Amino acid sequence: MVVGNLKLGVDVVSAHNLLPKDGQGSSSAFVELCFDGQRYRSTIKEKDLNPVWNESFYFNISDPSILHSLTLDAYIYNHLKATQSRTFLGKVSINGTSFVPYLDAVVLHYPLEKRGIFSRVRGELGLKVYITDDPSIKSSVPVSVAEETQVKHEGHNGKNEARHTFHTIPKRSNNEEHDHPPAAEAPHHANKYVADHMKAPEPIPSKLVRMHSASSAQPVDYALKETSPFLGGGRVVGGKVIRTDRAAGTYDLVEKMHFLFVRVVKARELPAMDVTGSLDPYVEVRIGNYKGITKHIEKQQNPMWNVVFAFSKERMQASVLEVVVKDKDLIKDDFVGVVRFDLNEVPMRVPPDSPLAPEWYRLDDKKGEKIKGELMLAVWIGTQADEAFPDAWHSDAATPVDSSSAASALIRSKVYHAPRLWYVRVNIVEAQDLVPSEKTRFPDAYVKAQIGGQVMRTKPVQARNFNPLWNEDLLFVAAEPFEDHLILTVEDRVAPGKDEIIGRVIIPLNMVEKRADDRIIHSRWFNLEKPVLVDVDQLKKDKFSSRLHLRVCLDGGYHVLDESTHYSSDLRPTAKQLWKPPIGILELGILNAVGLHPMKTRDGKGTSDTYCVAKYGHKWVRTRTLVDNLFPKYNEQYTWEVFDPATVLTVGVFDNSQLSEKGTNGAKDVKIGKVRVRISTLEAGRVYTHSYPLLVLNPNGVKKMGELHLALRFSCTSFPNMLYVYSRPLLPKMHYIRPFTVMQLDMLRHQAVNIVAARLGRAEPPLRKEVVEYMSDVDSHLWSMRRSKANFFRLMTVFAGLFAVGKWLTDICMWKNPITSVLVHVLYLMLVAFPELILPTIFLYMFLIGIWNFRYRPRYPPHMNTKISQAEAVHPDELDEEFDTFPTSRNPDLVRMRYDRLRSVAGRIQTVVGDIATQGERVHSLLSWRDPRATAIFVTFCLVAALVLYVTPFQVIAALAGVYMMRHPRFRYRLPSVPVNFFRRLPARTDSLL
């Protein structure tokens, strides 16, 4: 767009169901638009509660860089002809972050808002707001010029009607036509519009409204976009669902999709096709170019399949459904029989209707004559709310390589439940009567503990006896149901790199005691078993057995961290008896994805086989895989219980790499992007429909892989419980009573992620390890120069307020604005005289700031920001370092260069830390007599100050100190003050450093 010609276009279309304000059950409404100091008015519609204007106005955009911080206000007033006054009917405020180009604009009906607490409004206002750079468009006539004509209505005569002139809207190309007639034709279509407005809204494609954060501007293409889709419950406008005449179903956060369901149950008395007198039957369901195939059953004339096929109705191009029974053969499959259905006669079924009962159908031959054999089928048309939808074979997810029901196991939707994780605490106290292989020396013993792939060791103890004492705690992670045992092995280090096993103990985790608090677990002695078998005579001679003293328990009072602590989706302890009731319900509608980047090549063209994964708490969900589709429509809805608002929902998009014609070959599913939504940022009851950019950081930089369209709703079931949660600790109390170290938490988190990935990878279809690790942010703790810069600038942003206050105080002290400085002096003296007003003033000031910021509160959840993440201008070598493996796999010269760079950064940090330590040591040296003269001066000053403060009121001291600090620059010196000079001369321990 040409910046100099930018204008904001506003099409005032219509209003609906306005409040009568003229005392006769009607209103004479007109609209007043205000933007950036400009004000325009529409014509007056006499005696009409559903007025139609279809008028266009154009505002000049003086500074496009501040467009996101501006607001368009649309007020509807009732014109009182007798008194030439007006009464308020409602208003609409549209943030500048919602303005889009003309091609993306759509008419949205905004609910009217109140002007004050006691205002009474109702109805909606239809507006189309867009940005244009067409040079032929001129700005509209302002109110100051046309004010005389605005107060007149349009029903008097032709002269009055001619006065309401508006600039002609320039003719656009075919692809840029307006969605409504020109303004001149509005009177001819007014009655028709009012009649049509009473109908349910048509399911037109949703348009996007771009929204960005003013505090962290980033490219528009990377920003969040608000949408207004037509979902199952109605059209979503401004977070509210405008319901249609149809009742909302269970799936009200997704677009309703119709499918043709075919349930193939079984067959009986099929004719023999082989010389053996039997056949290997399977069923092929065909409609148009789509077909689904069941598995074949060998040597069976009465087979059973019980398979459901789902064909997307919007893709069906045929009117006849064919269900063909065939006989599997080595060369060519034989035709057995067919059943045909006319799609116009297939019944519609919507839950909670009972499932359609299957029926027996006689098979026809190729000539259409009945033959021996029957097939049990059920055929109906339903939606994604149908119970058969999750386990069905889908035509829109069918793989071109294999369309059988066996292949559909890799692409169907699935709900997973992550295993319940426990911390296993093993306290190894001591051993008794150890018998080393060499009797002439004492053992150098340690204990190795193992649960599955987790191995830990105690420190070796060189005791002067055969009873070593350790008293060490070892921590592990275990998942229900417990499949691995706790194996404890006592080993003796006979030489460097050579260890011998003294004995072993195997403890089933099912037998271990569970606890939910910090109570003491009773210790037990376990006999050590020999690692190898010995003869019976030797066993008779051994009267005593080596023993191991242990305390073992399953700690259920902790929350097992299996994801990054910043993005935790669950904070409950393991023990269920400690769980609190849920505070709400989270509903997620995964609508569609647009503009996906091709991830593979098939038949000479780029394509993707995508699916979505959502994770919250113990529940993971996976949508069906849509094959060969860069604009997939999922329209699947899921629900979670919410126990804590300080949790995060994560939704990821992946490309399925397991559908290759040559097999998987160990290929990993490729990440396309993910979205995080913190529950505490959502308003209760509001429907959030946004299109989220899928941003991925790779060694070449940040890249947008497409957009994911989601619908979210958080419903609060218990408001008192939710308020109570805000007063509770974030983690269970065991994390504070017996906290873990940072090293232990990192190790346990790594083990927990591996266990969850292993369990979910054994499901059908498997949720692969790379998917679980990406969703859990397993690499978030590794070093990254980019993340370090991002965190530093975040810290600077946090302290920006303090820096601003400091700069303001400096300006006050320097008297840059004398009036302000005088007022601050007066306010300071008032607070000194009445110190009881200090805290009330501070809290009242924060209250007023909070109330003022309420009108500017964010109306959309936060999203990943490339500017905050320092991903826009990151150096390629820093990205390569971030994506390096651990330990490194790069060449030594590159590693040496990065090491030198890290040393230089660490050197600057070291200098800053040293300077801070120096200031602290100088404070200590005030009374340490390290500098006897300085300490003597300070001690004398303290004595004088004590006497002066004792006889002088505190208010006087505070007032004098404040006035001295804010004294006029005429009484200041450019040199540092005496206290500063004295402090800088104090000694520090820098002299003692090597």
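**Charges in a predicted model**

Q: Why is Arg120 called exposed?
A: Arg120 has 62% relative accessibility. Exposed means over 50% relative accessible area, buried under 20%, and partly exposed in between (1.4 Å probe, protein chains only). Therefore Arg120 counts as exposed. Arg120 is found in the loop between strand S7 (108-111) and strand S8 (124-132).

This is a predicted model, where local features need pLDDT of at least 70, side-chain atom pairs count only at pLDDT 80 or more, and totals for chains, interfaces and linings use all residues. Residues are numbered from 1 along each chain as its sequence is written, and side-chain values use heavy atoms, leaving out hydrogens and water.

Q: What makes Lys225 and Glu707 a salt bridge?
A: A salt bridge needs a side-chain nitrogen of Lys or Arg within 4 Å of a carboxyl oxygen of Asp or Glu. The N to O distance for Lys225 and Glu707 is 2.8 Å, so the pair is a salt bridge. Lys225 lies in strand S10 (residues 224-227) and Glu707 in strand S43 (residues 701-716), so the pair ties together parts that are 482 residues apart in sequence. Lys225 and Glu707 are buried.

Q: Why is Asp518 called partly exposed?
A: Asp518 has a relative accessible area of 35%, so it falls in the partly exposed class. Its salt-bridge partner is Arg738, with the closest N and O atoms 3.6 Å apart. Arg738 also counts as partly exposed, at 27% relative accessibility.

Q: How many salt bridges does a search of the whole structure find?
A: The search finds 56.

Conventions:
Helix = DSSP H or I, 4+ residues; strand = E, 2+ residues; numbered from the N terminus.
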